[in-house]
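Here are my notes on this one, point by point. Have the model open while you read.

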Amino acid sequence: MKRIAVATDLSVRSDRAIERALALAHDLNAELTVISIVDDSMPADLAETVAASTRDKLRKVLDQHKGASADIDVRVGDIVPGILGIAAETDADLLVLGLHRRRDFMDALRQTTMERIVALSRIPVLLVQGAVTGPYETVLVAVTLSRACASAVSSAGRIVPGAEIRAVHALHIPYAGLTGATPASTAAMEKAMRREAGELAEAWQRDFGLTGVEPEIITGSVHQVLDAELKSFAPQLLSIGAHTRSGLGLHRLGAFTAELIRQPPVDLLVARALTGQR
């Protein structure tokens, strides 16, 4: 990883993102670009004044971190294309963001800024939720045995190469517990489905060249499995693959991914499909 980009609006949420980006840049020996976009909806002269003030404040923030080295890029424009444009221009390998400020009413009607960025980003996006107390030591990857999830595993390995990475695949057993489904029939169905899932997992690892991370197949819904793993494994970072949908729906990334982006239980790494993979 050669360059990391971190976007900030100078909020407390963004402070944590900058701290994490500085720590990752140091650990990975990567260059860092700090991005801030001033909304171009305000009058031009006021926007330029705000931009100049933002540059000064960012320099002071970086000065507080002794030995920190980073480029500062503050521009006036539209936030989402502005952030993604600078990340592309600098050839960043990772984009780091603070959490979205919750606006319950508006968030129910439209995509959040974070969702829009993740849906359009061609590089992994790290959403920083927790305070930075040290490097990531434990990473949980929720996989659906897809191309995007292969990217989630690979991206986690690149960003935190020394961490313990655990991958899990939730296996939903249909009709379990319904009237007419006997324990014997449910057990037989689960056995067959686990065997098939195991074969798919082996093929997934082989097809995408994933070594050292074998997904554990766990019976239950995605929410059930994730909740249990968050309690038992207690990861410091959760990594998922993003599956962008076409159309005009509210959640182009899917409701589950959108839910995690809006309220991540821990720091969240969202990766798109790897270039050139099927």
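1. Before we get to the helices, a word on handedness: a crossing is called left-handed if the near helix is turned anticlockwise from the far one by less than a right angle, and right-handed if clockwise. With that in hand, H8 passes H9 in a right-handed crossing. Keep in mind throughout that this is a predicted model.

2. Staying with that pair, the axes of H8 and H9 are 12 Å apart and the packing angle is about 30 degrees. Angles under 35 degrees count as roughly parallel, so H8 and H9 are roughly parallel to each other. On the H8 side the contact is made by Val 222, His 223 and Leu 226, and on the H9 side by Phe 256, Glu 259 and Leu 260. By class, the contact of H8 with H9 has 4 nonpolar residues, 1 polar and 1 charged.

3. Now the overall picture. The protein chain has 9 helices and 10 strands, and of its 278 residues 45% are buried. Take the contacts between residues at least 6 apart in sequence: 79% of them join residues at least 24 apart.

4. How far does the confidence go? The average pLDDT of the protein chain is 87, and 87% of the residues score at least 70. For residues 105-109 the pLDDT is below 50, and this stretch has 8 contacts in the model beyond near neighbours in sequence. Residues 246-251 also have a pLDDT below 50, with 10 contacts in the model beyond near neighbours in sequence. Where pLDDT is low, the predicted coordinates should not be read in detail.

5. The axes of H5 (residues 113-120) and H9 (residues 255-262) come within 9 Å and cross at roughly 125 degrees. That angle makes H5 oblique to H9, and the crossing of H5 and H9 is right-handed. H5 brings Met 114, Glu 115 and Val 118 to the contact, while H9 brings Ala 258, Ile 261 and Arg 262. Sorted by class, the residues of the contact of H5 with H9 are 4 nonpolar, no polar and 2 charged.

6. Which residues of H5 are buried? They are Met 114, Glu 115, Ile 117, Val 118 and Ala 119. The cover over the buried residues of H5 includes helix H3 (79-89), strand S4 (94-98), strand S5 (125-128), H9 and strand S10 (267-271).

7. On to H3 as a partner of H5. Their axes are 10 Å apart and the two helices pack at an angle of about 40 degrees, which means that H3 is oblique to H5. H3 passes H5 in a right-handed crossing. In the contact, Ile 79, Val 80, Ile 83 and Leu 84 in H3 meet Thr 113, Arg 116, Ile 117 and Leu 120 in H5. The residues of the contact of H3 with H5 divide into 6 nonpolar, 1 polar and 1 charged.

8. Also in helix H3 is Ala 88, and with a relative accessibility of 56% Ala 88 counts as exposed. Along the chain Ala 88 and Arg 122 are 34 residues apart, yet their C-alpha atoms are separated by 8.6 Å.

9. Glu 202 is exposed, with a relative accessible area of 52%. Between Glu 202 and Glu 214 there are 8.2 Å in space, C-alpha to C-alpha, and the two are 12 residues apart in sequence.

10. Finally, if you check backbone angles, look at two residues. Phi of Leu 10 is near 65 degrees, a positive value in a residue other than glycine. Leu 10 is found in the loop between strand S1 (3-7) and helix H1 (12-28), and is partly exposed at a relative accessible area of 30%. Ala 234 has a phi near 50 degrees, again a positive value in a residue other than glycine. Ala 234 lies in the loop between helix H8 (222-232) and strand S9 (237-241), and a relative accessible area of 46% makes Ala 234 partly exposed.

Note on methods: Residues are numbered from 1 along each chain as its sequence is written. This is a predicted model: local features need pLDDT of at least 70, side-chain atom pairs count only at pLDDT 80 or more; totals for chains, interfaces and linings use all residues. Side-chain values use heavy atoms; hydrogens and water are left out. Axes are lines fitted to C-alpha atoms, for helices over the stretch in contact, and angles run from 0 to 180 degrees between N-to-C directions. Helices (H or I, at least four residues) and strands (E, at least two) are DSSP runs, numbered from the N terminus. Angles under 35 degrees count as roughly parallel, over 145 as roughly antiparallel, 65 to 115 as roughly perpendicular and the rest as oblique. Contact means heavy atoms within 4.5 Å. Ala, Val, Leu, Ile, Met, Phe, Trp, Tyr, Cys and Pro count as nonpolar, Asp, Glu, Lys and Arg as charged, and the others, Gly among them, as polar. pLDDT is the predictor's confidence in each residue, from 0 to 100. Buried means under 20% relative accessible area, exposed over 50%, partly exposed in between (1.4 Å probe, protein chains only).
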